[in-house]
Number of protein chains: 2
Amino acid sequence: MKRYEKLVHDIATAIRSGVLAPGEKLPSVRQACLNHKLSPATVFRAYYELENLGLIRAQPKSGYYVSNHAIKQLASKTTPVPEQASTVVSISDMVFSILSSIKDPETVPLGSAFPWPDLFPLARLSRSLAHATRDMGPAAIVESLPPGNHDLRRQIARRYLMQGVEADVDNILITNGAFEALNLCLEAVTQPGDLVAIESPTFHGCLQALERLQLKAVEIPVDPVLGMDLDYLESVLEKCPVRACWSMTSFQNPMGVSMPAERKQVLVELLTRYRIPLIEDDVYGELYFGMQEHRPAKAYDSEGYVMHCSSFSKTLAPGYRIGWALLPKRFERKVERLKVITSLSTSTIAQAAIADFLQHGGYDRHLRRLRTKFELQQHQYLHLIARYFPAETQVTRPHGGYFLWVDLPERVDALVLFQRALEQGVSVAPGPIFSARHQCCNCIRINYSKPVDAEVEQAFKTLGRLMSSIEAAAPGH
Amino acid sequence: MKRYEKLVHDIATAIRSGVLAPGEKLPSVRQACLNHKLSPATVFRAYYELENLGLIRAQPKSGYYVSNHAIKQLASKTTPVPEQASTVVSISDMVFSILSSIKDPETVPLGSAFPWPDLFPLARLSRSLAHATRDMGPAAIVESLPPGNHDLRRQIARRYLMQGVEADVDNILITNGAFEALNLCLEAVTQPGDLVAIESPTFHGCLQALERLQLKAVEIPVDPVLGMDLDYLESVLEKCPVRACWSMTSFQNPMGVSMPAERKQVLVELLTRYRIPLIEDDVYGELYFGMQEHRPAKAYDSEGYVMHCSSFSKTLAPGYRIGWALLPKRFERKVERLKVITSLSTSTIAQAAIADFLQHGGYDRHLRRLRTKFELQQHQYLHLIARYFPAETQVTRPHGGYFLWVDLPERVDALVLFQRALEQGVSVAPGPIFSARHQCCNCIRINYSKPVDAEVEQAFKTLGRLMSSIEAAAPGH
């Protein structure tokens, strides 16, 4: 990170965390030079960037102030009592219409779940691919059968160890992306009709997996700051024969929230007490902002009840479809066999290419760059929301990942917005697709991985205009 | 094919089909030169090869004769009446122990289902991979989402058209190998508890798929010459609420048999009458011997009840995990959505590499070479069986693929043989893994894709020796 970037980062963090309040005056350029031992040019550049990010504004002849049009952060809230204990899951056509809209290059993909593909080292990956396949003998085919390429599993195990998570090469199963891993884990521990505790709102893929396996969902509310409501979960476990719990513990999709470390630990202890497997979806865990890495709940799994699933699809190589599960001994064989009888093996060449990149490609350097980009872009997108969305809008402030969860005024029906926006060439992900009971009717998820340009700005203008017209059209207004 | 190879092929085919009977005298070299307009050197070389293949023998000062130690061909037989109408499927650990034995490079993989990997153009594929990924933009990730890479689907559709099978690019869904395609198709048309008509013996992956989806099997006997018993199938359809039929119509695994074209047509008509979808597993269809290509049952599907599944795993690129399903309109959406919610997408790079190879790599040339190799190796393996296995042994004579189905004397328990052979470093696939009711107790499947060498010859010696000892140990002998 360059010096001015560091200053941008520090001040942005202070603003986001509330240390610097809206309207507050920033140190003068002269003062900042002294404080940080920087040249005036560096401070000017940082302030200029912060202005561009919409976080501060210059007041002529007076100085720099924290913007006071900053959008309201979605706060912790008391948990609403759900109407019913469990729900037969049925997901509508919306998810698929979003997916097909993503394929249209004319549509601005704010509703996409995929990271913007230009952010990834595709050329460097191609070199890893060439390097890995050049040396690949015919035996590689057999060696790539489940549990998968040994080098790749070794590299993944090494990363776990660096995070302080115990991981044996033999406990790692390579899969076609994390999604296959999650599906296999869920299938391994359930029977049709079983009850599964999931988050609400949750990743729609989780709802689809439950639907496919004919499982019933118990929705556990997710607090925008603290993550899954553990008291509520405990009360459910006391009453209901829950067979598994599926949770995205870090930078949860769609809300972006991470459970604080001590809550992850409580979650694991709670489930362990009831001997309920935790299927931990951790595909965004590596995309934390700042220096403090996010350990998964798996780190607290002393008894072997956590199946930790992740991938390289959000962090390095979308399209390669390389994911994995780190499995406790008790589930290992079952999950591995399910993998074999579902899709047999994961692409030999993709496995080898990722293994090569992890060894030689500079994955950590790439990740650091990606995290900085996402953090800066989050500020830019918050700024666009503040500028174009209705005043009552509230937004989460994730410390990682690339999703914002936007709570719109109640009169804005997210499904109507979704439809009209799509007609205008903008996709958003409407709240109801993240809920088994189609709740979150006035929420949308925004993907901020696409760098801000005129097209993105125009998309936000369009969304703002549509929201006004929907509000105006609502009965009683 | 070189001239001498053509002559080898012609005579071998005549011997295999019975046109030239065991003990019969071949034309003299001089006569053959005149008949075929070939030089004596060419005829000598062909006869020499045929001798090496064990198909003919030279009798000093007399001439060449068709070997009379040729093994007995497994003949058509009357269908045994199954004991029960349907079976809850449960597959033992054997399948997985065979799979893990394949990973051991010290074990001769006669029990493997994979083609011997040295037979594939791995270096040329690597070049296609490099070529395809060099030009690959970030948009490729989104373009590879289901139904999959458009160029690849276009190439596949083109091959269908050349075979006389109607196929639209939009009806092709790319999958992680044919096995994923088959699983998705089966899942799309069934509910737990449903009845599915399958072949007996059948590919063990079919049994595993039924087991996973909690489906019940009605086993339809497969005749070693004619394929699935269609009268029996019809009597089952009259009585039972069958929901789907899974069949490998060409070079069936494990028996190697192909249904004659007119029977494929009858099969499709029969199922169409009952509106039962046919899940056609056609992964070996391209591996026919001779010039006459094998059209799939899909070619006769005028009403849209056949889901045709295939892949490049047996013919071009094992390990790349690229398969597909050609779907009738009525099933298309359901299967595509299941793909999305099971594993999302198929590896972008693998799809692009195969598309490139199909366009520039000389796939048909490679296939012709592969077919010739497999046909010659089949003769060699038949010779080894004739030499080392008990005299009562009967074997199928497939006209394609790389499996022989070996019917051993009744006293030889295939499971005992399997265990003992594995201890001696030889794997075979025992009959019971191909049957829901663990029948075929004295049958084994032999993979003949590995070129014959000292190791293979030794493996057959070992198997022969083990069979004698099992026979000797059997009660009453």
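In this predicted model, B:Pro147 sits in the loop that connects α6 (140-143) with α7 (150-162) of chain B; helices here are DSSP runs of H or I with at least four residues, strands are runs of E with at least two, and both are numbered from the N terminus. A:Pro201 belongs to the loop between β7 (195-200) and α9 (204-212) of chain A.

Back in chain B, strand β6 (residues 172-176) is mostly covered, with five of its five residues buried. Buried stands for under 20% relative accessible area, exposed for over 50%, and partly exposed for the range in between, using a 1.4 Å probe and protein chains only. An antiparallel partner for β6(B) is strand β13 (residues 322-326) of chain B, and five bridges join the two; strands pair if DSSP finds at least two bridges between them. Within this pairing, B:Leu173 has B:Ala325 of β13(B) as its bridge partner.

The loop between β17 (429-430) and β18 (443-447) of chain A holds A:His438, and A:Cys440 lies in the loop between β17 and β18 too. Although not a glycine, A:His438 has a positive phi of about 55°; for A:Cys440, also not a glycine, phi is positive at about 60°. A:His438 counts as partly exposed because its relative accessibility is 33%, whereas A:Cys440, at 18%, counts as buried.

Turning to helix α14 (residues 363-388) of chain A, one of its residues is A:Lys373. With a relative accessible area of 37%, A:Lys373 is therefore partly exposed. Together with A:Arg365, A:Arg368 and A:Arg369, A:Lys373 forms a positive surface patch. Such a patch joins like charges within 9 Å, from residues with over 30% relative accessible area and no salt bridge, a salt bridge being a side-chain nitrogen of Lys or Arg within 4 Å of a carboxyl oxygen of Asp or Glu.

Key
Residues are numbered from 1 along each chain as its sequence is written. Chains are lettered from A and ligands numbered from 1 in the order in which they are written. This is a predicted model: local features need pLDDT of at least 70, side-chain atom pairs count only at pLDDT 80 or more; totals for chains, interfaces and linings use all residues. Side-chain values use heavy atoms; hydrogens and water are left out. Patches are made of residues with over 30% relative accessible area and no salt bridge: like charges are joined within 9 Å, nonpolar side chains (Val, Leu, Ile, Met, Phe, Trp, Tyr) within 5 Å. Accessible areas come from the Shrake-Rupley method with a 1.4 Å probe; for residues, only the protein chains shown count as cover. Lys and Arg count as positive and Asp and Glu as negative; His and the chain ends are not counted. The place of a charge is taken as NZ of Lys, CZ of Arg, CG of Asp or CD of Glu.
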